[in-house]
Amino acid sequence: MLSAGFARIEITPPLGCIISGYYEERRGLEKLDPLYAHAVAFADGDTRAVLLYMDALGIRQELLDRMRARLGACLRLPAEAIFVGCSHTHTGPEICDGMFAPDEAYNARLEKLLEQAAQLALDDLKPAKLLFAAGRVPGISFIRRFRMRDGSTRTNPGYGNPDILHPIGTADEALRLVRIVRENAGEILLVNFQVHPDTIGDCLKGADAISADYPGFVVRTLEGALPGAHAVYLNGAAGDLNHIDVNKPAWDKNGGYEHTAHMGRSIAAEALRIYGKARPLAGDGVRFAQRPLSVPANKGKPEDIPLAEKYVRAHREGRDDLIPETGMGITTLVAEAARILALKDAPDTFTLNISALAVGGLCLAGIPGEAFTQIGKRIKADSPYEAQLIVGIANGYEGYFPTQEAFEEGGYEARSSCFRIGVAEKIAEAEIALIRTMKGV
């Protein structure tokens, strides 16, 4: 018989911590809302697994592999049975050593809190059944890559930019809701949508803050409307999506904390609209799997290194005037330079975690980074599971996975990606093959 359990533990770092998400140092000087680690445990007979989902930008795969191994040993579970995802909020703590060193004391505490949350969820196991519903949330998620009048491709070209021709792609506005209804216990809601959680920066104007971004509002709104329920928001394939409608007038910018609340409430409202229409999911059993995928590294040329060092140094010193670009173009050049330097002594190939967790007719596909929405749509379309959810930044955070077309077009995501052209398609193929094998089809 299927059973499920839930737990939640606050993981908010202390004020003054380094906040990750940008290519400049920011520190958390205020707390807009708390950060949490959510744990959902599943069991069927002797097979147990835990979903751990936290308000964080991401955790690099190398670090997370070690954390999952230690958590597995403590919980007496295989490491692959611990499915770890991050919401990708850009106002959370620096956990991995990217451009700025993390707080190792916080990381050690975080691992202990994740262990506690997982154990509490396992201790909370109750008989359960799953229900599923699908909906749509228009108007809050937008393609952020655009074809410009000069033929170039730009990411985030700005509100009302007259040089925009059209977006490159179509946003995935699909929402998926899974209700885990338990005997004599509060039900658990899994809400799956896709858009970058990077809305806070527009309102801070230099004052940094800690926030769960719009996923926090999704959770709080649903739990406020459904007393006793526990909600977990799972962000999907959002690599080329954000909250910005470039056609809005400048005074109506899609950003800031009020817009953050609007986004979270809009997602929660759709979940509530379809809540009563959820239908039982067929099937039972808990399954999990993980496979390695080897992909080539996108290393720069030796002659590119001096210029890359110049751009990164100029940006860190606040001398963006030395970088021959404006707006998001500066970020693109800095990101490309940071990638060239990071891979200078790297191996020629990397191994990515391709993972999945299935419970009856529900399947979570784990992508260890930021996949474009087209990849998420493809996996959902080809999956044999009725309730197929895509979880980005899962069991690793290895950056962007642009499509082949995006590599050919250019733009921020392709120029900053640590992987060569074809990586997204390889991930989709490997994920679909893993899911179908797990399903036995």
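Biologist: What is the bridge partner of Val178 in strand 13?
Modeller: Leu190 is the partner of Val178. Strands (E, at least two residues) and helices (H or I, at least four) are DSSP runs, numbered from the N terminus.

Biologist: And what am I looking at here, in terms of source?
Modeller: This is a predicted model: local features need pLDDT of at least 70, side-chain atom pairs count only at pLDDT 80 or more, and totals for chains, interfaces and linings use all residues. Residues are numbered from 1 along each chain as its sequence is written, and side-chain values use heavy atoms, with hydrogens and water left out.

Biologist: How many bridges join strand 12 to strand 13, and which way do they run?
Modeller: There are 5 bridges, and the two strands run antiparallel. Two strands count as paired if DSSP finds at least two bridges between them.

Biologist: What do strand 12 and strand 13 form, and how many residues lie between them?
Modeller: They form a hairpin with 5 residues between them. Asn184 sits in that turn, in the loop between strand 12 (174-182) and strand 13 (188-193).

Biologist: What is the phi of Asn184?
Modeller: Positive, about 55 degrees, although Asn184 is not a glycine.

Biologist: Is Asn184 buried or exposed?
Modeller: Exposed, with a relative accessible area of 81%. Exposed means over 50% relative accessible area, buried under 20%, and partly exposed in between, using a 1.4 Å probe and protein chains only.

Biologist: Where is Ile393?
Modeller: Ile393 is in the loop between strand 21 (387-392) and strand 22 (400-401). Ile393 also has a positive phi of about 55 degrees and is not a glycine. But Ile393 is buried, at 6% relative accessible area.

Biologist: Back to strand 13. How many of its residues are buried?
Modeller: 6 of the 6, so strand 13 is largely enclosed by the rest of the structure.

Biologist: Which residues of strand 13 point which way?
Modeller: Ile188, Leu190 and Asn192 point one way. Leu189, Val191 and Phe193 point the other way. In a regular strand, side chains alternate between the two faces of the sheet.

Biologist: How many bridges join strand 13 to strand 14?
Modeller: Strand 13 is joined to strand 14 (residues 230-235) by 6 bridges, and this pair runs parallel. Leu189 stands opposite Ala231 there.

Biologist: New topic. What is the strand order in the open sheet of 4 strands?
Modeller: The order is 17-18-19-21, with mixed pairing. Strand 17 (286-296) and strand 21 are the edges, each pairing on one side only. On average, neighbouring strands of this sheet are turned by 20 degrees against each other, direction ignored. Axes are lines fitted to C-alpha atoms, for helices over the stretch in contact, and angles run from 0 to 180 degrees between N-to-C directions.

Biologist: How are strand 18 and strand 19 joined?
Modeller: By 5 bridges, antiparallel, between strand 18 (residues 349-359) and strand 19 (residues 362-367). Val359 stands opposite Leu362 in strand 19.

Biologist: Which strands does helix 1 lie across?
Modeller: Helix 1 (residues 61-75) lies across strand 17 and strand 18, at about 45 degrees to strand 18. Helix 11 (residues 423-439) packs on the sheet too, touching strand 17, strand 18, strand 19 and strand 21. The direction of helix 11 makes about 35 degrees with that of strand 18.

Biologist: Is Ser211 buried or exposed?
Modeller: Buried, at 0% relative accessibility. Ser211 is in the loop between helix 3 (201-204) and helix 4 (214-225).

Biologist: What is Ser211 in contact with?
Modeller: Leaving aside neighbours within four places in sequence, Ser211 contacts Leu32, Asp33, Leu35, Thr89, Thr91, Ile200 and Tyr257. Contact means heavy atoms within 4.5 Å.

Biologist: Last one. What volume does the second largest pocket have?
Modeller: About 180 Å³. Of the 14 residues that line this pocket, the closest to its centre are Ile168, Gly169, Asp240, Gln374 and Thr403. A pocket is an open set of points on a 1 Å grid over the protein atoms alone, where a 1.4 Å probe fits, with protein on both sides within 12 Å along at least five of seven lines; lining residues have an atom within 4 Å of a point. Grid points are joined across faces, edges and corners, and the volume is the space filled by probe spheres set on them.

Biologist: Which helices each supply at least two residues of that lining?
Modeller: Helix 8 (373-382) and helix 9 (404-409).
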